[in-house]
Amino acid sequence: LGFSLVMAIGEFLNPRGVTGVQIINLILTLAAICCMYGLFKNYWLKLTDLKAAYFTLLVSVTPVFLGTFSYVNVDYVMAVFFIYLLYSEYRENYILMTFWAVMMTQTKEPGMVVAFGYFAVRMLYRLATNAGSIREKTEGACKDKGNWAGAATGICIVLNMLMQGGLTTWG
């Protein structure tokens with residue numbers, strides 16, 4: 001559903017053609033590159049402008065990134081949504097973080113595994129780094145808005161499963 005929601009815009013731009021979908025893929029890719037630049041510059045490594053641009057260039061010309069943006073590839077879009085999720089966390093925009101996590105989980109089933117793993121490790125990190133007793137650590141982790149974004153994502157997945165009648169409706 002997440003992939004279809006975004007790619008439908010390209011289908012409407014150019015029905016029965018691939019050009020509209022490729023334009024949407026290009027826009028998603030350029031936005032992901034901008035997000036990675038911001039993450040390299042301000043969040044992960046705190047690099048200078050030139051070094052952040054260099055690292056972003058290195059990532060953006062790898063065969064996995066550069067070679068798959070021009071194809072209709074669900075796995076690629078799922079990875080792009082994950083980059084958006086990371087950027088939303090950096091910007092502390094937790095509603096958008098929840099949106100991109102839900103988009104990622106609705107794109108393909110492995111997106112659920114990625115989202116669960118990311119939010120589980122995030123929760124464990126918060127528990128491990130908070131000072132105090134176990135109760136204080138738990139309270140600190142529960143006050144973290146990013147963990148609430150993970151909980152909201154899980155609720156959306158469960159609601160979707162209930163509406164469909166199971167995790168998959170393959171028969």
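Helices (H or I, at least four residues) and strands (E, at least two) are DSSP runs, numbered from the N terminus. This is a predicted model, in which local features need pLDDT of at least 70 and side-chain atom pairs count only at pLDDT 80 or more, while totals for chains, interfaces and linings use all residues. Residues are numbered from 1 along each chain as its sequence is written, and side-chain values use heavy atoms, with hydrogens and water left out.

**View 1. The loop residue N73.** N73 sits in the loop between α4 (63–66) and α5 (74–90). Its relative accessibility is 22%, so N73 counts as partly exposed (buried is under 20% relative accessible area, exposed over 50%, partly exposed in between, with a 1.4 Å probe and protein chains only). Apart from neighbours within four places in sequence, N73 is in contact with F3 and T68 (contact means heavy atoms within 4.5 Å).

**View 2. The start and end of α5.** N73 caps the N-terminal end of α5, with a side-chain oxygen 3.0 Å from the backbone nitrogen of D75. A polar contact is a pair of N or O atoms within 3.5 Å; within protein, one must be able to donate a hydrogen and the other to accept it, and residues adjacent in sequence count only if both atoms are side-chain atoms. After α5 comes E92, whose phi is positive, near 60°.

**View 3. The length and burial of α5.** The 17 residues of α5 should span 24 Å at 1.5 Å a residue, and the end C-alpha atoms are 25 Å apart, which agrees (the expected span is 1.5 Å times one less than the number of residues). Buried residues of α5 include Y76, F81, Y84 and L86. Among the elements that cover the buried residues of α5 are α1 (2–13), α2 (19–44) and α6 (94–107).

**View 4. The largest pocket.** The largest pocket has a volume of about 250 Å³. Of its 15 lining residues, F119, A120, N147, G150 and A151 are the closest to its centre. On a 1 Å grid over the protein atoms alone, a pocket is an open set of points where a 1.4 Å probe fits, with protein on both sides within 12 Å along at least five of seven lines; lining residues have an atom within 4 Å of a point. Grid points are joined across faces, edges and corners, and a volume is the space filled by probe spheres set on the points. The largest share of the lining, 7 residues, comes from α9.
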